[in-house]
Amino acid sequence: MKSDIQIAQEAELLPIQEIAAKIGLGPKDIQPHGHHKAKIPLEAARATGGRDGKLVLVTGISPTAAGEGKSTVSVGLADALTLRERNPVLCLREPSLGPVFGIKGGAAGGGYSQVVPMEEINLHFTGDFHAISSAHGLLSAVLDNHLYRPNTLGIDPTRLTWPRAIDMNDRALRNIVVGLGGRTGGVPRQDGFVITAASEIMAIFCLANGTTDLKERIDRIIIGYTRSGEPIRAEGLGVSGAMAALLKDAVSPNLVQTLGGTPALIHGGPFANIAHGCNSLTATRVGLSLGDV
């Protein structure tokens, strides 16, 4: 029996322009990332899409011993609809590097029910996770700088709720001490990292409806409390615009294909145990406007 990676690597992929054409997008409507991946700018999707597709949700299920879970079922269903000459658009979450290099493994499906190019999707893909990690890190850096400076917001360093983020399973970084190094090293305090898929920025990224909504949601993040217990929001640090700038390309959905040649939008990836656990609402809206199902 062939392994998942053998099946994926032996597949003959269609050029991404042909996949885009299946959902009514021309060469000028996409931003290719190589031969088999592309970004769909939101303005292009809004201008081209006009359908009112049906939404089919594959809910949370426990994978079988063979690895048949939500992604595999979703890909198989989409390819089956393609064979029935419907016009489906598949929407999935982006994989996180933590699970990819852990026991769980990749998140591109399995067997002949995969999205491809599998290795690229499972690794850096189009850089969305890196952009989200950077935006999260910018807020962390500005927060610590504010503590080091006059701390006009009156933030209690012992009551911060905003961690750092990295897209990797790294047990040693869960609980750390930062701000060491003397007078210019910052304010010594306890801190820690979460995986990027568990970042609040990831959840906001997947729920936001446009850049303005994204910035407003970032501003409402509670980053800590004063000594009297009053919540402090990110708005006080004035960093939402810069964070949105880091995410300006990431907000556009990613277009790839299944082994059956079905268009697939893979965008965002919040964990389901602490957030909503599905792809971005933007990708879902784009899919509904470009496909029948």
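Guide: L81 is found in helix α4. The structure is a predicted model.

Visitor: Which residues does L81 touch, leaving aside residues up to four places away in sequence?

Guide: The residues are R86, P88 and V293. Each of them counts as touching L81 because heavy atoms come within 4.5 Å.

Visitor: Why is E85 called exposed?

Guide: The relative accessibility of E85 is 74%, and exposed means over 50%; E85 therefore counts as exposed. E85 lies in the loop between α4 (70-83) and β3 (90-92).

Visitor: Where is F125, and what is its phi?

Guide: F125 is placed in the loop between α6 and α7 (128-148). Its phi is near 50 degrees, again positive although the residue is not glycine.

Visitor: How do you know whether F125 is buried or exposed?

Guide: Buried means under 20% relative accessible area. F125 has 9%, and is therefore buried.

Visitor: What makes the peptide bond from V116 to P117 a case to point out?

Guide: This bond is cis, with omega near 5 degrees. Most peptide bonds are trans. P117 lies in the loop between β5 (113-116) and α6 (118-122).

Visitor: Why is I132 called buried?

Guide: I132, a residue of helix α7, has a relative accessible area of 1%. The limit for buried is under 20%, so I132 is buried.

Visitor: What surrounds I132, residues up to four places away in sequence being left out?

Guide: I132 touches T196, I201, M202, F205 and L247. Of these, F205 is 73 residues away in sequence, at 8.2 Å from C-alpha to C-alpha.

Visitor: What makes I166 count as partly exposed?

Guide: I166 has 31% relative accessibility. Buried requires under 20% and exposed over 50%; the value falls in between, so I166 counts as partly exposed. I166 belongs to strand β7 (residues 164-166).

Visitor: How is the chain divided into domains?

Guide: Domain 1 covers 4-126 + 251-290, and domain 2 covers 128-247. Their centres, taken over C-alpha atoms, are 30 Å apart. Domain 1 gives 25 residues to the contact and domain 2 gives 18.

Visitor: How much area do the two domains bury between them?

Guide: They bury about 1700 Å², 60% of it on carbon and sulfur atoms. On the domain 1 side, L97, V251 and H276 lose the most area to domain 2, together 24% of what that side buries.

Visitor: How many salt bridges cross the interface of domain 1 and domain 2?

Guide: The rule finds one across that interface.

Visitor: Why is the pairing of D128 and K39 called a salt bridge?

Guide: The rule asks for a side-chain nitrogen of Lys or Arg within 4 Å of a carboxyl oxygen of Asp or Glu. For the side chains of D128 and K39 the N to O distance is 2.6 Å; this lies within the limit, and the pair is therefore a salt bridge.

How values were computed
Residues are numbered from 1 along each chain as its sequence is written. This is a predicted model: local features need pLDDT of at least 70, side-chain atom pairs count only at pLDDT 80 or more; totals for chains, interfaces and linings use all residues. Side-chain values use heavy atoms; hydrogens and water are left out. Helices (H or I, at least four residues) and strands (E, at least two) are DSSP runs, numbered from the N terminus. Buried means under 20% relative accessible area, exposed over 50%, partly exposed in between (1.4 Å probe, protein chains only). Domain bounds come from an automatic or database domain assignment. Buried area is the accessible area (1.4 Å probe) that two parts lose on being put together, summed over both.
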